[in-house]
Amino acid sequence: MACRCRRPRGAGEAIIYRPGEEIAMTQHPMLADGRWIAEFREQYDAWFTDARPLIEAHQYPTAFKNYPFPAFTETPWTPLTRSLAEVRLGVLSTAGLYRKGVNAPFTDTVEGDPRIVEIPSDADPVQLDIAHSHLPEDFIRADMSMVLPLEPLRALVHERRIGEIAPRLFSVVGYRTRAHDVAEQTATAIAAAMADDGVMLGLIVPV
Amino acid sequence: MANFTARMERIRPPRWVHVRFPRGAMFGEPGNRAKHRRVLEDTLQAAATIAEPGGKIELPYRWEASPVVFRDRRITEGP
């Protein structure tokens, strides 16, 4: 739950979305502390040179043993100033969910597929599928509610426990090695989209 | 929300709940809608309850099904 709930770009700057498809990975200003990025970027290439063959061989513990995990120095904070019954909730899943027949499945790449897929909040759960090779896909496919509980979400809105669900939910693959790209491109694009949708509270559902 | 305490302490999210469920099942067992709903509602309530940056709430739920088998491991909760 990390919605900054601020518009992360200047007035008048338009962002073009393809409804029901993907969010364009255009650059948006980053609001969070990004002081770790320069050092990470320097260390990443050296790490990846050594790690790539290990990842390709699916030797993940060895590959990530020396991963240059970012060291954050700040904890971001935006107070929640409304009751849950008044908020518009945004949701981000990292399970690699997509809509069959609408979105292309996420691809299995060494550094992780950087796409952002949007899922309409009124989507039929049977439309959803998963493409995330670092998860037990068949197990999750048996009940997508384990990673994206659409019916319980709608029930909470119906019972006025939460105000409403934003018109679109967002899906990415949580396996991404290029943390600097996640921070500078993925997170900022999703934050901008949620701000456009009037999201007041964001729920991140990792897996 | 997360099932991986060490990772979250490194990421330093604004607020979070810890769920003791295995990878791929952040809301509980397949088909258990009642638990999915309780976990979801408790998670959202935590957003209204946590008042300090980095605040965490431990949810009381446990995995009540066979372990999830993934990459030759049998998993019942996060690392």
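Leaving aside neighbours within four places in sequence, T94(A) is in contact with V172(A), V173(A), G174(A), V205(A), P206(A) and V207(A), two residues being in contact if their C-beta atoms, placed from the backbone, lie within 7 Å. The model is predicted: local features need pLDDT of at least 70, side-chain atom pairs count only at pLDDT 80 or more, and totals for chains, interfaces and linings use all residues. Residues are numbered from 1 along each chain as its sequence is written, while chains are lettered from A and ligands numbered from 1 in the order in which they are written.

T94(A) lies in the loop between β1 and β2 (97-99) of chain A; helices (H or I, at least four residues) and strands (E, at least two) are DSSP runs, numbered from the N terminus. T94(A) is classed as buried because 20 other C-beta atoms lie within 10 Å. The C-alpha atoms of T94(A) and L203(A), 109 residues apart along the chain, are separated by 11 Å.

Y67(A) occupies the loop between α2 (60-63) and β1 (88-93) of chain A. Because Y67(A) has 14 C-beta neighbours inside 10 Å, this residue counts as partly exposed (buried, 20 or more other C-beta atoms within 10 Å of its own; exposed, 12 or fewer; partly exposed, in between; C-beta atoms placed from the backbone).

Between the chains, 31 residues of chain B are in contact with 33 residues of chain A. On the side of chain B that touches chain A, α2(B) gives the most, with 10 residues. By class, that side has 17 nonpolar, seven polar and seven charged residues (nonpolar: Ala, Val, Leu, Ile, Met, Phe, Trp, Tyr, Cys and Pro; charged: Asp, Glu, Lys and Arg; polar: the others, Gly among them).
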